[in-house]
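Subject: Handover of a structure

Dear colleague,

Please find below the structure that I am handing over to you. The findings follow directly after it.

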Amino acid sequence: MAIRRKTSEEAGMAAVREVRALFASFEDSSATPAAPVPTEVAQAFAALPRSVRATFVRFTLEELATLAPGNSVEVRVPPLGVTQCLAGPRHTRGTPPSVVETSPVVWAALVLGACSWEQAVAAGVLDASGERSNLSALLPLF
């Protein structure tokens, strides 16, 4: 079953372009294993209008759910969005068997390839629990 999109592709791709340009303007910033998203990048991301950040997160979560349909893993990017993805045991109520949670700026870095799944987990800025929670094969999306 295809997901029902709430974000238009036009608006979503505009937000992706804007966030990608922001990350590209900081390409020389050094991400470290302890801080996979440099402070200046995080501050610039936070300075973007909330509508851009929210559209980016929601659209990319919809893209992830389209690429890996299912509902065995819940991906949370509070307070901006949540989705379920990956085929597996059907989840209907309560906390799903696998959960991934991170901040909007770390999600943006993962989606755009500015940091790796392993860097985010090692730095403690990405919580992933459950046997299907490793989404590294699906990221980056763009």
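Lys6 lies in the segment before helix α1 (9-25); helices (H or I, at least four residues) and strands (E, at least two) are DSSP runs, numbered from the N terminus. The model is a predicted one, in which local features need pLDDT of at least 70 and side-chain atom pairs count only at pLDDT 80 or more, while totals for chains, interfaces and linings use all residues. Residues are numbered from 1 along each chain as its sequence is written, and side-chain values use heavy atoms, with hydrogens and water left out.

The surface patch

Lys6 is exposed, with a relative accessible area of 70%. Here, exposed means over 50% relative accessible area, buried means under 20%, and partly exposed lies in between (1.4 Å probe, protein chains only). The areas come from the Shrake-Rupley method with a 1.4 Å probe, and for residues only the protein chains shown count as cover.

Together with Arg4, Arg50 and Arg58, Lys6 forms a positive surface patch. Such a patch is made of residues with over 30% relative accessible area and no salt bridge, with like charges joined within 9 Å and nonpolar side chains (Val, Leu, Ile, Met, Phe, Trp, Tyr) within 5 Å. Lys and Arg count as positive and Asp and Glu as negative, whereas His and the chain ends are not counted. The place of a charge is taken as NZ of Lys, CZ of Arg, CG of Asp or CD of Glu.

Is strand β1 largely enclosed or open? Four of the five residues of β1 are buried, so the rest of the structure largely encloses this strand. Two strands are taken to pair if DSSP finds at least two bridges between them. Strands β1 and β2 run antiparallel and are joined by five bridges; one of the pairings sets Val73 against Cys85 in β2. These two strands form a hairpin, with three residues between them. β1 and β3, by contrast, run parallel and are joined by four bridges. Within that pairing, Val75 has Val100 in β3 as its bridge partner.

The loop between β1 (73-77) and β2 (81-85) holds Pro79. The peptide bond leading from Pro78 to Pro79 is cis, with omega near 0°. Beyond β2, Leu86 lies in the loop between β2 and β3 (98-102).

Salt bridges

How many salt bridges does a search of the whole structure find? The search finds three, a salt bridge being a side-chain nitrogen of Lys or Arg within 4 Å of a carboxyl oxygen of Asp or Glu.

Glu74, Arg76 and Glu101 are linked in a network of salt bridges. Within it, the side chains of Arg76 and Glu74 meet at 2.6 Å, N to O. Glu74 counts as buried, at 13% relative accessibility, and Arg76 counts as partly exposed, at 24%. Arg76 also forms a salt bridge with Glu101, where the closest N and O atoms are 3.8 Å apart. That pair links distant parts of the chain, since Arg76 is in strand β1 and Glu101 in strand β3, 25 residues apart. Glu101 counts as partly exposed, at 30% relative accessibility.

A further salt bridge brings together the side chains of Arg132 and Glu131 (3.2 Å, N to O). Arg132 is partly exposed, with a relative accessible area of 30%, whereas Glu131 counts as exposed at 73%.

Helix α4

Helix α4 (residues 104-112) is mostly covered, as nine of its nine residues are buried. Among the buried residues of α4 are Pro104, Trp107 and Leu112. Gly113 follows α4 and has a positive phi, near 80°.

The segment after β4

Pro140 is found in the segment after β4 (126-129). A cis peptide bond joins Leu139 and Pro140, with omega at about 0°. Leu138 is found in the segment after β4 as well and is partly exposed, with a relative accessible area of 23%. Leu138 and Glu10 are 128 residues apart in sequence and 22 Å apart in space, C-alpha to C-alpha.

Yours sincerely
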